[in-house]
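Here's a quick briefing to keep open next to the viewer.

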Amino acid sequence: MSKLRIYGIARTRAFRALWVAKELGLEYEHLPIEIGDAGASAPEFRRLNPNGRLPFIDDSGFVLFESLAITLYHAKKHSDGKLYPATLEDEAKAWQWSFWAIAEVDRGVNIWSLYAVRLPTAERDAAKRDEALKVLAAPFKVLDAALSQQPYLLGGEFTVADLNVAAVISRAIDMDLSAVPTLKAWLTRCLDRPAARAALALKTKADNETPAEVIRRIAKLNRL
Ligand SMILES: N[C@@H](CCC(=O)N[C@@H](CS)C(=O)NCC(=O)O)C(=O)O
């Protein structure tokens, strides 16, 4: 049996942990548990992640939560000098972009996708959707400008910095990104990688199998 366990249905931020595992060719067991009382909030899982949220991992007894801490950990642990930066400065830039993604765009993209795509049409609140687009406009311009200097966030190669930011905004691929064409081209390139495609296939399957009442519960639980 694999010693790495990834907890969380692929529809959630567990997608990020699945993508990095596939990118690195890791052997793992995926436990696609749900959010809420029947899943991450149950006592057996709260013993591993007391936040009651997804994802978390158990790597041979080492337990870690926070999706981007998980991707950074795996990339550094298994780095072949490519996915994880080799210099202190590039490592700091990978942290910079990762924290930026969580602070500046994670919530906005989630709110947008909920009210533009995931909830049943009649429940898509246009005001929340438009507000999310407003919040995202400035940081998306920042990302677009950063990528106009070089093909990837740290230079010429795809790294964990790209994986983290692209994973956080992956649902923005369904947005009208015509105002930020460089961002759009980069996001498309990142999500077209074989590992991303494989993880996205799991995410899409989970999305398609999620009933509307669960999407409503997600909106409530995540305060979106
Ligand atoms: N910052 C955390 C956020 C984790 C999180 O909020 N996960 C959602 C699923 S994508 C969740 O478990 N929500 C249920 C809840 O808040 O009870 C991370 O990136 O891992």
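Predicted model: local features only at pLDDT ≥ 70, side-chain atom pairs only at ≥ 80, totals over all residues.

The largest nonpolar core counts 73 residues.

**Ligand site**

- The residues around the ligand are Thr 12, Arg 13, Arg 16, Ile 35, Arg 53, Leu 54, Pro 55, Glu 66, Ser 67, Leu 221 and Asn 222.
- Arg 53 puts a polar side-chain atom 2.6 Å from a ligand oxygen.
- Ser 67 also reaches a ligand oxygen, with a side-chain N or O atom at 2.7 Å.
- Leu 54 uses its backbone instead: one of its N or O atoms there sits 2.8 Å from a nitrogen atom of the ligand.

- As background, most peptide bonds are trans, and most residues other than glycine have a negative phi.
- The peptide bond between Leu 54 and Pro 55 is cis, with omega at about 5°. Pro 55 sits in the loop between α2 (43-46) and β3 (56-59), and both Leu 54 and Pro 55 are among the residues surrounding the ligand.
- Glu 66 isn't a glycine, yet its phi is positive at about 80°. You'll find Glu 66 in the loop between β4 and α3 (67-77), and it is another of the residues around the ligand. With a relative accessible area of 47%, Glu 66 is partly exposed.
- Ser 60 is also a non-glycine with a positive phi, this one about 50°. Ser 60 belongs to the loop between β3 and β4 (62-65). Its relative accessible area is 51%, so Ser 60 counts as exposed; the cut-off is over 50%.

**Salt bridges**

- Arg 16 and Asp 106 pair up through their side chains, N to O, at 2.9 Å. Arg 16 is in helix α1 (residues 14-23) and Asp 106 in helix α4 (residues 88-118), so this bridge ties together parts 90 residues apart in sequence. Both Arg 16 and Asp 106 are buried.
- Glu 123 and Arg 216 make another side-chain bridge, 2.7 Å from N to O. Glu 123 lies in the loop between α4 and α5 (126-149) and Arg 216 in helix α9 (residues 212-221), so the pair ties together parts 93 residues apart in sequence. Glu 123 is partly exposed at 30% relative accessible area, and Arg 216 is partly exposed at 37%.
- Asp 192 bridges to Arg 197, where the closest N and O atoms are 2.6 Å apart. Asp 192 is partly exposed, at 42% relative accessibility.
- Through shared partners, salt bridges link Arg 13, Arg 16 and Asp 106 into one network.

**Nonpolar core**

- Which of the 73 residues in the largest nonpolar core touch the most other members? They are Trp 19, Phe 140, Leu 143, Ile 169 and Trp 186.
- Helix α4 supplies the largest share of this core, 11 residues.
- Beyond its neighbours within four places in sequence, Trp 186 contacts Leu 143, Leu 147, Pro 151, Tyr 152, Leu 153, Asp 162, Val 165, Ala 166 and Ile 169.

Terms used:
Residues numbered from 1 in each chain as written. Heavy atoms only, no water. Salt bridge = Lys/Arg side-chain N within 4 Å of Asp/Glu carboxyl O. Helix = DSSP H or I, 4+ residues; strand = E, 2+ residues; numbered from the N terminus. Buried < 20%, exposed > 50% of the residue type's maximum accessible area, 1.4 Å probe, protein only. Core = buried A, V, L, I, M, F, W, Y, C linked by side-chain atoms within 4.5 Å. Contact = heavy atoms within 4.5 Å. Near = heavy atom within 4 Å. Polar contact = N/O pair within 3.5 Å; in protein donor to acceptor, adjacent residues only side chain to side chain.
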